[in-house]
Amino acid sequence: MIVNRQVLTLDEFTIKQLRDFPNATGELSGLLRDIGLAAKRVNVEVNKAGLVDILGDTGTVNIQGEEVKKMDEFANDQLVGVLRHGINCAGIASEELDDIVVFDDEVSNNSKYICMFDPLDGSSNIDVNVSIGTIFGVYRRVTPKGTPVTMDDFLQAGNKQVAAGYIIYGSSTILVYATKRGVNGFTLDPSIGEYSLSHPDIKCPPTGRIYSVNHGNFFQYEDPVRNYINVCQKKNKSNGGPYTQRYIGSMVADVHRNLVKGGIFMYPGTIDKPNGKLRLLYECNPFAYIVEKAGGKATDGKQRILDIQPKELHERTPFFIGSIEMMEELESFTGKV
Ligand code: P6P
């Protein structure tokens, strides 16, 4: 029997990186493994969400007598629990929580990282079986080690991230994360319960033919964005097309597809929501970090997403992200960034 030892698990991959970089302390690797563990638990529940009738709807008690929580509340609990009881994170911010959570104990206060996440983005799609995901970003704390973290540790520009990633719960469960050393994807292998390296050294194709935007808001977008969308629709074989419009309504799925195949994802500001819908700290910054490390680009239409100095935890931003050449064509309408 041939044992396929070529496929590294996430643990083997991070430990190999520790061997290659002896100065690394292993704390970041440990934090990523903690997130991977929480995501395995989320994956189990997401995969049986269709059985709600058997398990009982949210807010009820299931046949085991356990309270059935909203899936994103459940996901949030898994991430907070694993990171609080780990040894690699001093505190977190979450889309599900109004304020930061300070892990104020001696071990956590001496951790050098904080983590911000959207525990289950696109959760409204669960009941129609559409792919959803967890999005996270990791930063070094800026306040002194040994003290409880404060809001200052969280209101950092995205260019201060040391790692970022997402888990997409789809036809398979894939964990993708980026560090300064690159972007790698790991597919959960249910036969061993481990994430196995399936997408090594991901590079975002410099161009593509997929554009992702909610056409339902078309007449609410500013003219330059509408003009670019019109150009996308007029692409044909003679001018780099034809383009195809793909919009799942679940950003993790849309951006993952565009990262792998090439494309552009847009959530522009609208008349109703001038700053758009997506959150800067734990949705846009992580994806901007990942896509830039893979060779793509991410802006708010006027500046690099990663250079935005946040003012508050849950602020929103218009969001344009994808293949560098498609982003540059967009900017020929909206202005060079
Ligand atoms: P709309 C999901 O609710 C989400 O936050 C993103 O995952 C997704 O891209 C976006 O909202 C979809 O929003 O307004 O187009 O339905």
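Colleague: What area do domain 1 and domain 2 bury between them?

Modeller: Buried area is the accessible area (1.4 Å probe) that two parts lose on being put together, summed over both. Here, domain 1 and domain 2 bury about 2,600 Å² between them, with 65% of it on carbon and sulfur atoms. On the domain 1 side, Ile135, Leu155 and Tyr166 lose the most area to domain 2, together 23% of what that side buries.

Before we go on, this is a predicted model, where local features need pLDDT of at least 70 and side-chain atom pairs count only at pLDDT 80 or more, while totals for chains, interfaces and linings use all residues. Residues are numbered from 1 along each chain as its sequence is written, and side-chain values use heavy atoms, leaving out hydrogens and water.

Colleague: How many salt bridges does the rule find across the interface of domain 1 and domain 2?

Modeller: In general, side chains of opposite charge can pair when their charged atoms come close. The rule asks for a side-chain nitrogen of Lys or Arg within 4 Å of a carboxyl oxygen of Asp or Glu. Across this interface it finds 0 salt bridges, although a search of the whole structure finds 11. One example is Glu194 with Lys40, at 3.9 Å, N to O. That pair links strand β8 (residues 194-199) to helix α2 (residues 27-47), with the partners 154 residues apart. Helices (H or I, at least four residues) and strands (E, at least two) are DSSP runs, numbered from the N terminus.

Colleague: And aromatic pairs: how many does a search of the whole structure find?

Modeller: Rings of Phe, Tyr and Trp (its six-membered ring) pair if their centres lie within 6.5 Å; planes under 30 degrees apart count as stacked, over 60 as edge-to-face and the rest as tilted. The search finds 8 aromatic pairs. Among them, Phe13 and Phe186 are edge-to-face, 5.1 Å centre to centre with 75° between the planes. Phe13 lies in helix α1 (residues 10-20) and Phe186 in strand β7 (residues 182-189), so this pair ties together parts that are 173 residues apart in sequence.
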